[in-house]
Amino acid sequence: MTTTDDRIGSAPEPDGPTSPIDYSQRIPNNVNLNENRRLQRALEGWQPKFLDWWKNLGPQLPTKDVYLRTAVAVGRDGWAHFEHVPMEEYRWGIFLAEGNPDRTVNFGKHKGEPAWQEVPGEYRADLMRLIVVQGDTEPASVEQQRILANTAPSIYDMRNLFQVNVEEGRHLWAMVYLLHAYFGREGREEAEQLLKRNSGDYDNPRILGAFNEETTDWLQFFMFTYFTDRDGKYQLGTLKESGFDPLARTCEFMLKEEAHHMFVGTTGVQRTVERTAEVMKEKGGPATFEDGVIPLDVIQKYLNFQFSVSMDLFGSEQSTNAGNYYTSGLKGRWQGTRRKDDHTLLDDEREMNYIEDGQIKTKTVPMISALNLDLRDEYVADCENGVRRWNQALEDAGLEDRLYIPHEGFHRQVGVYAGHHVSPDGEVLDDATWESRVDEWIPSAEDRAKVAELMVPVYEYGKFASWIAEPPTGINGQPVEFDYVHLYEEALREEGLA
Ligand code: BYC
């Protein structure tokens with residue numbers, strides 16, 4: 001379901017009481033960090049390493065300040081405020097959603113027991129693994145996007161990119177807090193590693209595949225925030241159900257920030273499609289790069305690529321890891337408490353697709369073994385919503401062309417489809433046919449080069465690159481032409497230094 005936040009990007013309305021965040025401390029937090037000197041010192045020791053990482057691998061375009069949202073409270077109203085801040089002075093902090101002292105584990109073999117406030121010894125390794133994998137994705141995405149501002153299609157879009165970046169940085173803080181607070185020396189070591197692995201690094205890459213792909217241009221960024229951040233939404237949704245209460249509360253708050261990231265993706269692709277549709281309508285035929293827009297078939301290829309690498313992020317359809325996480329009460333299901341079953345799933349089954357003899361077949365498997373698939377199905381249904389919306393833009397322009405989500409088996413590296421070739425419409429192909437047609441389905445080097453040619457920076461307030469439509473409204477009630485970002489060059493000019 002597309003939420004209001006997806007559509008307008010306003011701060012979502014958290015439920016529960018408000019708990020203010022203490023900004024008087026070096027690390028803003030609502031976890032009474034000053035009452036735990038050891039933990040505070042450990043995190044203060046990590047802070048300069050984070051800032052170093054941000055400087056070296058965060059956004060590369062020099063800016064003076066950016067109109068950013070900062071969380072000020074965890075609760076129902078007014079949880080964030082907006083102001084111009086130099087990005088390196090952004091107040092990254094540790095914010096957990098309000099706790100509920102009566103909370104219980106809601107699924108698996110501990111169902112009904114009080115939620116854990118400490119790490120259960122027997123699940124320590126699994127929990128740490130989940131937190132590390134989640135934590136690894138956050139800085140990875142900042143690294144992937146670090147040079148995009150150099151080709152921003154507008155100052156408005158540049159501001160949104162930076163907002164996403166600082167919040168991914170904060171999500172890293174969220175996971176590092178858990179590692180430091182609950183996993184001792186090992187946790188501190190893992191927190192160091194989160195800054196040492198780097199996206200695309202040959203020797204020391206990020207853990208999950210999609211986070212080692214390059215974000216080559218803004219269309220890919222929008223597809224990333226639509227499809228890959230949406231995986232984040234679903235994974236966080238399952239961790240929010242965790243029996244380990246600090247993880248659940250951390251993820252709940254992260255989800256509130258995540259809505260804006262998806263807004264950036266949904267509307268970014270939509271505005272790209274709108275511009276292309278406008279030209280198609282004028283011409284009465286396909287739009288080309290020469291028209292200054294991205295042809296619809298290239299948009300579809302970008303969609304195919306990002307959808308398929310994001311599908312891989314759910315892991316194998318059948319996973320003993322996922323089953324164990326569920327039975328242990330560590331990782332739940334999307335909106336798990338709303339499901340009408342026994343929440344242990346030991347007797348339940350479901351259908352799943354697989355490939356045999358060059359054909360896609362269906363078999364029945366134990367539900368508990370197929371929880372990655374369960375989550376992925378929820379995700380795919382959500383992805384369809386955006387595509388419907390983009391297609392509405394095509395319909396509104398009086399066009400018959402439509403975008404679509406490719407088959408689940410298309411271009412997959414993880415799970416039952418890995419090692420097979422499946423076309424976007426679900427046909428199993430031999431190697432030669434795949435090779436001869438793959439450029440029709442995922443962006444070729446030439447497509448990417450042509451898109452890159454369109455990626456000229458537009459830094460004049462209220463102006464937009466040729467390939468993307470203006471948004472209908474600005475951020476936080478500001479006009480579209482608002483001075484969302486002050487570039488460093490501009491600051492120098494003002495001071496007569498350039
Ligand atoms: N690439 O049993 P399997 C986000 C590994 S995005 C490389 O099928 P499992 C964000 C897997 O780790 C959300 N390796 O998988 C978005 C396992 O290795 P080990 C991030 C992969 O464990 C945008 C082995 O293959 N959060 O927040 O059931 C911007 C067997 O795997 C991949 C999470 O993912 C892959 N794609 O499920 C910023 C939540 N897939 O353990 C942020 C935490 C699998 O045998 N993670 N492998 O060495 C998890 O819940 C699970 O680890 C996974 C994998 C769902 C990722």
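Strand S2 (residues 63–71) is joined to strand S4 by 6 bridges, and the two run antiparallel; strands here are DSSP runs of E with at least two residues, helices are runs of H or I with at least four residues, and both are numbered from the N terminus. The model is predicted, so local features need pLDDT of at least 70 and side-chain atom pairs count only at pLDDT 80 or more, whereas totals for chains, interfaces and linings use all residues. Residues are numbered from 1 along each chain as its sequence is written, and side-chain values use heavy atoms, with hydrogens and water left out.

**The sheet**

- S2 belongs to an open sheet of 3 strands in the order S4-S2-S9, with antiparallel pairing, where two strands pair if DSSP finds at least two bridges between them.
- Strand S4 (80–85) and strand S9 (485–487) are the edge strands, each pairing on one side only.
- From one strand to the next, the twist averages 15 degrees, with axes taken as lines fitted to C-alpha atoms, for helices over the stretch in contact, and angles running from 0 to 180 degrees between N-to-C directions.

**Bridge partners along S2**

- Towards S4, alanine 71 has alanine 80 as its bridge partner.
- Towards S9, to which S2 is joined by 3 antiparallel bridges, valine 66 has valine 485 as its bridge partner, while aspartate 65 stands opposite histidine 486.
- S2 is mostly covered, since 8 of its 9 residues are buried, a word that stands for under 20% relative accessible area, with exposed meaning over 50% and partly exposed in between (1.4 Å probe, protein chains only).

**Helix H4 and histidine 171**

- Helix H4 (residues 155–182) packs on the sheet and touches S2, S4 and S9, its direction making about 60 degrees with that of S2; contact means heavy atoms within 4.5 Å.
- Histidine 171 has its place in helix H4, and it counts as buried because its relative accessibility is 0%.
- When its neighbours within four places in sequence are left aside, histidine 171 is in contact with Glu138, Met254, Glu257, Glu258 and His261.

**Helix H3**

- Helix H3 (residues 124–144) has 21 residues and reaches 30 Å from its first C-alpha to its last, close to the 30 Å expected at 1.5 Å a residue, where the expected span is 1.5 Å times one less than the number of residues.
- H3 is mostly covered, with 17 of its 21 residues buried.
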